[in-house]
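Thanks for coming. I will walk through one structure this morning, starting with a single residue and ending with the ligand. Please have a look at it first.

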Amino acid sequence: MTHLKCIECGTTYDIDEIIYKCGKCDGILEVVTDIEELRNKISTDKWKGRSLSVWRYIDFLPIKDKINIVTLNEGGTGLHRCKRLAEKIGLKKLFIKFEGENPTGSFKDRGMTVGVSKARELGVSIVICASTGNTSASLAAYAAKSGKQCIVLVPAGKIGVGKLAQAIAHGARLIQVKGNFDDSLDMVFQLCERNNQIYLLNSINPFRIEGQKTIAFEVSEQLGVPPDCMVMPVGNAGNISAAWKGFNEFEAVGLTNSKPRMIGIQAEGASPIVNAYRKKKIRVEPILFPETVATAIRIGNPVSWRKALNSIYESNGYAETVTDQEILDAQRLLAQTEGIFAEPASATPIASLKKLLDQGVINKSDSIVCVATGHGLKDADVITRVFGKPIEVEADIDAIEKSLNLLVKYDRWLEEPSST
Ligand SMILES: Cc1ncc(COP(=O)(O)O)c(C=O)c1O
Ligand SMILES: [Zn+2]
């Protein structure tokens, strides 16, 4: 039977119990899928006829009745072969899984479709999250779709304007907390403790992780096999843990027979997981004042740190930091070589590649999937801040040509002898 289990002490809980942390040791929980049952379910080839999406993998997801599914058509995002970018970095097989193609523009939708479906199954009417932006945008949209009330707490002044606009537009009750994400999450926990009518949908909720694991299924199917390396940004550390769970489950049911190395990337000013990895520790020391231009991963005390470290250690993976300047350079490089506009946090994997290659962590012939977790439009003000303001010119054709430096070239074209 599929059930919940504490990742620290192994205590099990019923799949329908509303619980976020172990009652015995305060550890976080995971959904344990019944692999035998799953093998039987997927042996009929039925699911392979469905289009690529989160719900193609319904057999792997802990929702009992299809009637409860709340969907905006999430997943099925492109796996883009990036030849121009690969060449610049010195790699041969580089792919970007562009999660900005999801309905609200980030990977959070994979988790939210499952999380809010579970909320419907449990019969709760109010959902809540703390957020660096994308989670609030996603939860607000799925709450609207399912007719639930939505509360979101965000760090004041520290989330992308696009994300704020999404949460407001979808009708969430939004509170800006004077503090950082970790403070907001702490408030959310306390609110849920005081009021059991409010259902928590941060990635500590294991149903979110269930939805997010489908990225591993999709990547494995899009490539035909799992990649050699999966490079992902790490903030609250749910997503890297989710992908690792997905690769494990696909292998356990016999659909694949290899798994990638999981490589987690954090911003230099918000890197508790990388710090622990470097010291080969099995515990994470929180960072009190995290700071980075990549506001989506400006997190000092990641809830899923244990799951993330397990993913990295078990997969013989790696963890690395990148500076804010490297992040902004990588964002621009990705946009200008591949036509993919990702937000700063999503550019951290690209920003790390040269370093990983130079250090011998990855090889130039490895197949590498970088996850671009969210769309660049969500944080558009970063671009105008960094690139500067475009010039203004009179509506005069000579002035326009002059500012484009076209005049000289244009003259030369006219002077060229005709070939006829
Ligand atoms: C765009 C983006 N990338 C990466 C992350 C980090 O994901 P996780 O918190 O699951 O580590 C987030 C989290 O908010 C995000 O919004
Ligand atoms: Zn426990």
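This is a predicted model. Asparagine 316 sits in the loop between α11, residues 305–314, and β12, residues 318–322. Its phi is positive, about 55°, although the residue is not a glycine.

Now a second residue with a positive phi. Alanine 237 has a phi near 80°, and alanine 237 is not a glycine either. This one is in the loop between β10, residues 229–233, and α9, residues 238–252. Is alanine 237 buried or exposed? It has 27 other C-beta atoms within 10 Å, and 20 or more is the cut-off, so alanine 237 is buried.

Next, a strand. Leucine 29 belongs to β3, which covers residues 29–32. Leucine 29 has 23 C-beta neighbours inside 10 Å and therefore counts as buried. Which residues does leucine 29 touch, if we leave aside neighbours within four places in sequence? The contacts are Leu4, Lys5, Cys6, Ile7, Tyr13, Ile19, Cys22 and Pro206. Take cysteine 6: it is 23 residues from leucine 29 along the chain, yet their C-alpha atoms are separated by 4.4 Å.

That brings me to the whole chain. Among contacts between residues at least 6 apart in sequence, 70% join residues at least 24 apart. Of the 420 residues, 48% count as buried. The secondary structure comes to 16 helices and 13 strands. The radius of gyration is 23 Å, close to the 22 Å from the globule rule for 420 residues, so the chain is as compact as a globular protein of that length. Along its principal axes the C-alpha trace spans about 80 × 45 × 45 Å.

Last, the ligand. There are 19 residues around ligand 1, and those that come nearest are Gly235, Asn236, Ala296, Thr373 and Gly374. Two elements, α4 (134–146) and α9, each give two or more residues to this shell. By type, the shell divides into 6 nonpolar, 12 polar and 1 charged. Where does ligand 1 lie relative to domain 1 and domain 2? Domain 1 is 3–47 + 106–204 and domain 2 is 79–104 + 208–383; both give residues to the shell, so ligand 1 lies between them.

Terms used. Residues numbered from 1 in each chain as written. Chains lettered and ligands numbered in written order. Predicted model: local features only at pLDDT ≥ 70, side-chain atom pairs only at ≥ 80, totals over all residues. Helix = DSSP H or I, 4+ residues; strand = E, 2+ residues; numbered from the N terminus. Rg over C-alpha atoms; globule rule 2.2 N^0.38 Å. Buried ≥ 20, exposed ≤ 12 C-beta atoms within 10 Å, placed from the backbone. Contact = placed C-beta atoms within 7 Å. Near = placed C-beta within 6 Å. Nonpolar A, V, L, I, M, F, W, Y, C, P; charged D, E, K, R; others polar. Domains from an automatic or database assignment.
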